[in-house]
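Subject: Structure handover

Hello,

Here is the structure you asked for, with the sequence. My notes on it follow below.

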Amino acid sequence: MKEDAERVKAVREVIGEDTKLLLDANGAYRFFEAIEFSRMVEEYHPYWFEEPVDADDYDGYRKVAAKSNIPIAAGENEVTRFGFRDLINTQAISVLNPDAASLGGVTEFMKVAGYADANGIVMSPHGQQQLHIHLDCAVPNVNLAEFYPPQYDPKIYESFLNPVTFNEDGTVSPSQAPGAGLDINRKMLAPYRVQ
Ligand SMILES: [Mg+2]
């Protein structure tokens, strides 16, 4: 934890006070460790602390939220509206990270978004930027788009014919292609075909 906290401090020093700093523990901590870590880094004002405990540990989320001053994010490992209902009902989550590709599709995503909004929860969908950029535009409670720029991961970007546009001011824009614009770049993917 000491090493992790030093990393958080170093990142805050590099990015300054005006850039959002997000923490993701990927469920690595026990609840009491997450509480201690949260106190170690709260002075660096993280925007969220994602999956501080195991994704299925709803009681753990409750315990961390009760004693942490950092908003908690979760949801990338949750599936179906029933799972999200139970997660949201913990009253521990401030930011939801639903993933339409794993939670049950676009219709299920919209149901989750509605229930989250009714509970005052904002969302930052997990991965799948090509699909989520359109869903982000369709609901009122998305405040951040997770986006992998081409210089970070060119394959994600080049796998589609109408990729998300990355603007210089840090915002992203959807393509104007019909539907969700999910036209696969078959030529680019051909070398990876399994025979
Ligand atoms: Mg994550």
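Asparagine 26 is exposed, with 12 other C-beta atoms within 10 Å. Here a residue is buried if 20 or more other C-beta atoms lie within 10 Å of its own, exposed if 12 or fewer, and partly exposed in between, with C-beta atoms placed from the backbone. Asparagine 26 sits in the loop between strand S1 (22-24) and helix H2 (31-41). Helices (H or I, at least four residues) and strands (E, at least two) are DSSP runs, numbered from the N terminus. Although asparagine 26 is not a glycine, its phi is positive, at about 50°. Most residues other than glycine have a negative phi.

Before the rest, two points on how to read this. The model is predicted, and local features need pLDDT of at least 70, side-chain atom pairs count only at pLDDT 80 or more, while totals for chains, interfaces and linings use all residues. Residues are numbered from 1 along each chain as its sequence is written.

Glutamine 128 lies in the loop between strand S5 (122-123) and helix H7 (129-138). With 17 other C-beta atoms within 10 Å, glutamine 128 is partly exposed.

The chain as a whole

There are 9 helices and 7 strands in the chain. The radius of gyration is 18 Å, close to the 16 Å that the globule rule gives for 195 residues, so the chain is as compact as a globular protein of that length. That radius is taken over C-alpha atoms, and the globule rule is 2.2 Å times the number of residues to the power 0.38. Along the principal axes, the C-alpha atoms fill a box of roughly 50 × 40 × 35 Å. Of the 195 residues, 31% are buried. Among contacts with a separation of 6 or more, 55% come from residues 24 or more positions apart. Two residues are in contact if their C-beta atoms, placed from the backbone, lie within 7 Å.

Helix H3 (residues 58-67) has four named buried residues: Gly60, Tyr61, Val64 and Ala65. They cover an arc of only 130° around the axis, which puts them on the same side of H3. The arc is that of the directions from the helix axis to the C-beta atoms. Asp59 and Ala66 are exposed on the face of H3 turned away from the buried side. The buried residues of H3 pack against H2 and strand S3 (72-74).

H2 and H3 pack at an angle of about 25°, with their axes 9 Å apart. That makes H2 roughly parallel to H3. Axes are lines fitted to C-alpha atoms, for helices over the stretch in contact, and angles run from 0 to 180 degrees between N-to-C directions. Angles under 35 degrees count as roughly parallel. From H2, Phe31, Ala34, Ile35 and Ser38 meet Gly60, Lys63, Val64 and Lys67 of H3.

Helices H4 and H6

For helix H4 (residues 80-88) and helix H6 (residues 106-118), the packing angle is about 20° and the axes are 9 Å apart. H4 is therefore roughly parallel to H6. Thr80, Arg81, Phe84, Arg85 and Ile88 in H4 meet Glu108, Lys111, Val112, Tyr115 and Ala116 in H6.

Phenylalanine 109 is in helix H6 and counts as buried, with 24 C-beta neighbours inside 10 Å. Leaving aside neighbours within four places in sequence, phenylalanine 109 is in contact with Pro98, Ala100, Leu103 and Leu135.

Leucine 103 belongs to helix H5 (residues 100-103) and is buried, with 23 other C-beta atoms within 10 Å. Not counting residues up to four places away in sequence, leucine 103 touches Glu78, Val79, Thr80, Pro98, Glu108, Phe109 and Val112. Leucine 103 and glycine 75 are 28 residues apart in sequence, and their C-alpha atoms are 9.3 Å apart.

H7 is mostly covered, with 7 of its 10 residues buried. Those buried residues are Gln129, Gln130, Leu131, His132, Ile133, Leu135 and Asp136. What covers them includes H5, H6 and strand S7 (172-173).

Regards

Notes
Parallel < 35°, antiparallel > 145°, perpendicular 65-115°, else oblique.
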